[in-house]
Structures are given as structure tokens and as C-alpha cells.
Amino acid sequence: MTAAFPSTAPRLGLYPVVDSVEWIARLLEAGVRTIQLRIKDCEDHEVEEAVREAIALGKQYRARLFINDYWRLAIRYNAYGVHLGQEDLDVADLEAIRQAGLRLGLSTHDDAELDRALALRPSYIALGHIFPTQTKEMPSEPQGIAELTRHLARLEGISTVAIGGISLARAPEVLATGVGSIAVVSAITQAPDWLAATKELLALTEPTVTA
Ligand SMILES: Cc1ncc(COP(=O)(O)OP(=O)(O)O)c(N)n1
Ligand SMILES: Cc1ncsc1CCOP(=O)(O)O
Ligand SMILES: [Mg+2]
């Protein structure tokens, strides 16, 4: 049987996905504890400094900092984890990521991709896109709440993340499915007041414990 990747928190809560060290710094300062650096379509050497700085910030704030795509740099600078999509899986050295002790998050869009992801025993499984999104061109249709719920039934005991078109207004219905985390880009980066949006999303995902 394939060895599992290291576990992460069962519920990752609010998971902003951002494209700069500046966003990483301001969101960690705002209280976010799961976050991803996602810079697209660069060579490793072009993003190396940003990846190094983001990972250092993640450690400083004791946060779960995932690096999207650049798995070699994530290993070099000892990130908390790496996020990979299905196409990334065709080229990444998963054994090197596992040997380095990094967590692994995987994207899925349908049952076949879920089968493939489950076989790899990642740290979390992302499901998307849930709603239409302007942030990334998607070849598939949005899966919606009913399909998300159906997929979650296969994922008992696995850390799960929903992504795609999740606005502040839609977050409650997504969280009501029982998914462990909501990953968001524009709900924060395009918000008229990013700090207010972040605080509201944090409150939704991390309800205060009552005695
Ligand atoms: C949490 C999370 N879920 C999905 C993705 C998308 O990853 P991928 O399919 O590899 O697409 P790109 O982000 O690389 O364009 C993600 N980054 N994070
Ligand atoms: C990176 C990614 N992967 C699937 S949807 C998406 C973008 C999500 O962005 P938004 O939260 O703005 O819809
Ligand atoms: Mg990718």
C-alpha cells in the first residue's frame, strides 16, 4: 500500500490562496493560519525569493503555508506543504515530496480524479470548482453544493477543502456541507475591504468555543 503523506489539521478553516508575499504577510497578521502562495506560469528561479520569504513568514506565524505548483522550491525551503493539481501530478516527484516530510494537497473535480487522489493518500483533498469563478479558467462545469455533498460522503476522516466562486455570501452554505475548509481568492483579494472580509470569513470558519 502507498505510504500516506503527513496529516494536516482535520479542519483547515479559512484558506486564502494569494499571489504575493505581501498578501501572505497581511493575511497572517490578520489571523489566517492556513494559506497558499499561488504564482502562475513562472520559472522556478523567478519565484524562488517569493517562495523562500513566504515559507519563512509561515514559520514565523506557525501557519500552514502551502506552495502551489513549485514543489522543488517547497522542498528546498521546507514548506509546510505543497498543493498540486491533476496535471501537476503527471510531472511532480511525489516520492521526493513525501521523503522531505511535506504535506500534500490535491485538486479534484470528479469521481475519477477522487479515485486517483485517494490512492495517493494526500494530506487533504480539494474539491472544485463549486461555483462559477472569474479567477481561473475551468474546463469543467461548477459542481455545486449537491455534488460537493456527494463527494464528501466518500471522504470521511480525510481533511477536505472546497474551492471556486466561494463568496462571503455563499460561504455558509458551503460550510453547511461539513467540508473542513473553504479556499478563496477573490472573496478576499477583490473585496472592497479585504480585512473586514477576512475577519468575517474567519468568524464563519472558526466559531468561538462556548463553555
Ligand atoms: C486549495 C486549492 N485547490 C485547488 C487548486 C487548483 O490547483 P490546480 O488544479 O493545480 O490549478 P492551479 O492553481 O495550479 O492553477 C489550488 N491551487 N488550491
Ligand atoms: C485556483 C482555483 N482552482 C479551482 S477554482 C480556483 C480559483 C478560485 O478563485 P475564487 O475564489 O476567486 O473563485
Ligand atoms: Mg497546479
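**Close-up 1. Histidine 83 beside ligand 1 in the predicted model.** In this predicted model, a polar atom in the side chain of histidine 83 is placed 3.5 Å from a nitrogen atom of ligand 1.

**Close-up 2. The residues surrounding ligand 1.** The ligand is surrounded by 15 residues, of which the closest are Arg38, Lys40, Asp88, Ser107 and Lys136. Sorted by class, this shell is made up of five nonpolar, five polar and five charged residues. The space that ligand 1 takes is the largest pocket of the model.

**Close-up 3. Asp69 and Asp88, the positions annotated in UniProt.** An unreviewed UniProt entry assigns the feature "binding site" to Asp69 and Asp88. These positions are spread over 20 residues of sequence, yet they cluster in space, with a largest C-alpha distance of 6.9 Å. Both Asp69 and Asp88 belong to the lining of the largest pocket, which is the space taken by ligand 1, and Asp88 is also listed among the residues closest to that ligand.

**Close-up 4. The loop that carries aspartate 69.** Aspartate 69 is located in the loop that runs between strand 3, residues 64-68, and helix 3, residues 71-76.

Note on methods. Residues numbered from 1 in each chain as written. Chains lettered and ligands numbered in written order. Predicted model: local features only at pLDDT ≥ 70, side-chain atom pairs only at ≥ 80, totals over all residues. Heavy atoms only, no water. Near = heavy atom within 4 Å. Polar contact = N/O pair within 3.5 Å; in protein donor to acceptor, adjacent residues only side chain to side chain. 1 Å grid on protein atoms, 1.4 Å probe; cavity = no way out; pocket = protein on both sides within 12 Å on 5 of 7 lines; lining within 4 Å. Sits in = over half its atoms within 2 Å of the grid points. Nonpolar A, V, L, I, M, F, W, Y, C, P; charged D, E, K, R; others polar. UniProt positions renumbered as here; feature names shortened; annotations may be inferred. Helix = DSSP H or I, 4+ residues; strand = E, 2+ residues; numbered from the N terminus.
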